[in-house]
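Here is a short tour for a reader new to this structure. Keep the sequence and the 3D view side by side while reading.

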Amino acid sequence: MTDAFEGIRILDFTQLEQGPSATQVLADFGAEVIKIERIDVGEIGRNQQPLLAAGFSPHWSATNRNKKSITVDVKSDAGRALILDLARDADIVASNFRPGVMDRLGLGWEQLSAVNPRIIVAYATGYGLSGPYVHRRGQDLAAQAVSGLMALTGTVESGPVPTGTFMIDYLASMQFAQGMMIALAARERTGRGQVVDSNLLNAAITSHLQEAATYLNTGQRFPRPTTGIAHPGNTALYGYYEAADGLWFTLIGEYFVDHPWQRAARACGLSEKDVNDPRFQTVEGLLDHTRETWQLLAEAIAKFPREEIMARFEAEDVLVAPVNDYDGLFTDPQVVHNELVIEGDVDGVGRVKWIGMPITLSDTPARLRAVPPKIGEHNEEVFISAGLAEERIAALKNAGVIGSESDRERGGNGPQWS
């Protein structure tokens, strides 16, 4: 099978989510992604709680499939020289340290482009490569706060609320992947490498680009809605409700249909008087009576189990969707059909499941070629392919420049996570 990024080599210094999720996208589509890790310890994400076994974190494994691992002491002259040798034949060097770290290691744009003018040096940071926040630590929650996203989220009653997961880390990682792909496409035209600069702050701001553009051009603000309403400026027909069995669902009745209030009110079994109340027949009227209409719907909905009330809405051609917890999510028939959960056997751990690539290509699809690697698992393979003799590799091991779990296993010890 042909892979979309077959023949592309990435030297991957990234850790945690913002960087590894991005390089995994290219790895899923065939790129050779070589993680550069600390000897024995590996990247810090390997020990994120909870653990499936000692040293094997599902958090970490979710972003590191289809990659190889080598271990190099990059602070040593010999280790730095090894990386520069690998960079001569690499396409991308990716990192998500704070700005300046790679330069101080002697592995920044100036040093890498000197040995390979076609190299793409990709940086994922918190705030960008320059500016007043350049030395601040980048972190998902901080980006949600500074970017204005938290101020848009939550309700009048709750105040600002962060998202339920590290959403900006993931969004920024997808923009990081886009940047690397765009740089690869540009190199086909120019023959030159370049610097890719992506950051959490920009990603968080672009998550609400429509509201931001509206504010910039009209001055319109977006205050948090009251409880039960999904977004400011929406009516009770665009919100979330609890059914009689304690299960929640979302109601998206504001769009797509004519006479939306009448349809929703009939579905809930409201009286003809409420169904035809002239105050509720326009968006303007619904906005003027948001709390009253929400209360009418909430009280009526609370009489029905979720499955039944959703069926009643669907019979009126009103869009609804269940608020799935994880139990419901992974048994949802569409999720099962989309085959987004993938599985593989990991030595020392057993059968492990992950979320797969959400994008499907008909000719060059993503695929699971390799489970997340042990620390330094591919030292010999990578360094031999780079032209190092076995004697040289042995000398580097003895000098503490490289090392791996495989070496430890051959010495009679178990892997890092056993």
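This is a predicted model: local features need pLDDT of at least 70, side-chain atom pairs count only at pLDDT 80 or more; totals for chains, interfaces and linings use all residues.

Begin with the open sheet of six strands, whose order is 3-2-1-4-5-8. The pairing is parallel. Strand 3 and strand 8 (195–199) stand at the edges. Each has a single partner strand, so one side of each is left without a neighbour in the sheet. On average, neighbouring strands are turned by 20° against each other, direction ignored.

Look next at strand 1 (residues 9–12) and strand 4 (residues 92–95). They run parallel and are joined by three bridges. Which residue of strand 4 is the bridge partner of Asp12? The partner is Ala94.

Helix 3 (residues 77–87) lies across strand 1, strand 2 and strand 3. The helix runs at about 155° to strand 1. Helix 8 (residues 167–190) also packs on the sheet, where it touches strand 4, strand 5 and strand 8. The direction of helix 8 makes about 165° with that of strand 8.

Helix 8 has 24 residues. From its first C-alpha to its last it reaches 34 Å, close to the 34 Å expected at 1.5 Å a residue. Its buried residues include Ile168, Ala172, Phe176, Met180 and Leu184. Asp169 and Arg187 are also among the buried residues of this helix. Just after helix 8 comes Gly191, with a positive phi of about 80°.

A second open sheet has three strands, in the order 9-10-11. Here the pairing is antiparallel. Strand 9 (238–242) and strand 11 (319–322) are at the edges. Each of these two has a single partner strand, so one side of each is left without a neighbour in the sheet. From one strand to the next, the twist averages 25°.

Strand 10 (residues 248–252) pairs with strand 11 over four bridges, in the antiparallel sense. Leu251 has Val320 of strand 11 as its bridge partner. Helix 14 (residues 290–301) lies across strand 9 and strand 10. Relative to strand 9, helix 14 runs at about 35°.

Thr125 lies in strand 5 (residues 120–125). Is Thr125 buried or exposed? Its relative accessible area is 3%, so Thr125 is buried, the cut-off being under 20%. A polar atom of the Thr125 side chain lies 2.9 Å from the backbone nitrogen of Gly128. Leaving aside residues up to four places away in sequence, Thr125 touches Gln18, Phe97, Pro99, Asp197, Ser198, Asn199 and Leu200.

Asn379 belongs to helix 18 (residues 379–385). Asn379 counts as buried because its relative accessibility is 0%. Its side chain has a polar atom 2.9 Å from the backbone nitrogen of Thr71. With residues up to four places away in sequence not counted, Asn379 touches Ser69, Ile70, Thr71, Ile402, Gly403 and Ser404.

## Backbone details in the loops

Where does Pro50 sit? Pro50 is found in the loop between strand 2 (32–37) and helix 2 (58–61). The peptide bond from Gln49 to Pro50 is cis, with omega near -5°.

Asn66 is found in the loop between helix 2 and strand 3 (67–71). Its phi is near 60°, a positive value in a residue other than glycine. Asn66 counts as buried because its relative accessibility is 4%. Asp317 is not a glycine, yet it has a positive phi of about 65°. Asp317 is found in the loop between helix 15 (306–315) and strand 11. Is Asp317 buried or exposed? With a relative accessible area of 53%, Asp317 is exposed, the cut-off being over 50%.

Notes: Residues are numbered from 1 along each chain as its sequence is written. Side-chain values use heavy atoms; hydrogens and water are left out. Two strands pair if DSSP finds at least two bridges between them. Axes are lines fitted to C-alpha atoms, for helices over the stretch in contact, and angles run from 0 to 180 degrees between N-to-C directions. Contact means heavy atoms within 4.5 Å. Buried means under 20% relative accessible area, exposed over 50%, partly exposed in between (1.4 Å probe, protein chains only). A polar contact is a pair of N or O atoms within 3.5 Å; within protein, one must be able to donate a hydrogen and the other to accept it, and residues adjacent in sequence count only if both atoms are side-chain atoms. The expected span of a helix is 1.5 Å times one less than its number of residues.
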